[in-house]
Amino acid sequence: RLAMEASELWVGFVGAGRMAGGLVRGLLQAGKVPASNVLASAPSDKNLDAWREMGCRTTHCNLEVVHRSTLVFLATKPHILPGVLEEIRPAVGSHHIVVSLVAGVTIQTLQRLLPPWTKVLRIMPNLPCVVQAGAMVFSRGSNAGDEEAALLKSLLSSCGLCEEVPESYIDIHTGLSGSGVAYVYLFAEALAEGAVKMGMPGALASRIAAQTLLGAAKMLLETGEHPAKLRGDVCTPGGTTIYALHQLEKGALRATVMDAVEAATNRACDMAKD
């Protein structure tokens, strides 16, 4: 039933940046929503051309998006959002579902700036949503019920892992997964450079490093095993892996990564207060 409802939805995006475009690409490729049912707005054509190429409709008018959509995604820059909400507030009705992708803006703030009946949800995606391999969490406001949550999860699962969480987890997700993608890229770069140092061509080393990360992540997800268990499975007494892990431990890899997640989470919390 939800899948049928999703295909009949009119979906709007106020803001048409890369992350919003990635979500739409996932929805279209999964057949969740027809491109003709998607309308996106932006001040200029800079970002809208890519949406037109996907078959979506575009406009420069935020109010048009609200008037023509049932499910409205807010995808503006944080400092622009209050003005946008003031603009669209008169057009938001009880039939609308409003979903914010905007970093640092709480559900409480969204509910304060929108009509009191508005069904509000907040999601935090990450960059791999662009290739339908993202990790997303979402939380719902006081007027959003199980039906709205189930519909959103059904839609966004086409873009990767999607979990409902308490809103307090969203900043942690930012430190873990939103920013965490960059930590993984740094690690992939280091893996490849280590192989280049030992004599392997750079392009080949980069491909093997990427596949190594993909395979390791897939095993974690599909086996459900704790990372420590899988790590132990790779180690043999006196073998290559335990020698390498010793070097990583001497470099305090685990503590440094934990510090990075903490720093990014704290920064996300600070942004919400700004």
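Start with the whole chain in view: the centres of domain 1 and domain 2, taken over C-alpha atoms, lie 33 Å apart. This is a predicted model, in which local features need pLDDT of at least 70 and side-chain atom pairs count only at pLDDT 80 or more, while totals for chains, interfaces and linings use all residues. Residues are numbered from 1 along each chain as its sequence is written, and side-chain values use heavy atoms, with hydrogens and water left out.

Next, colour residues 11-166 as domain 1 and residues 179-272 as domain 2; these bounds come from an automatic or database domain assignment. Where the two meet, 4 residues from domain 1 and 4 residues from domain 2 are in contact (heavy atoms within 4.5 Å).

Now for the area hidden there. Together the domains bury about 330 Å², with 76% of it on carbon and sulfur atoms; buried area is the accessible area (1.4 Å probe) that two parts lose on being put together, summed over both. Select Gly104, Leu127 and Pro128: in domain 1 these lose the most area to domain 2, together 65% of what that side buries.

What about charge pairs? Between domain 1 and domain 2 there are 0 salt bridges (a side-chain nitrogen of Lys or Arg within 4 Å of a carboxyl oxygen of Asp or Glu).

Finally, select residues 11-104, which UniProt lists in an unreviewed entry as "domain: Pyrroline-5-carboxylate reductase catalytic N-terminal"; such annotations may be inferred rather than shown by experiment. This stretch is 35% helix and 20% strand, and its end C-alpha atoms are 23 Å apart. Helices (H or I, at least four residues) and strands (E, at least two) are DSSP runs.
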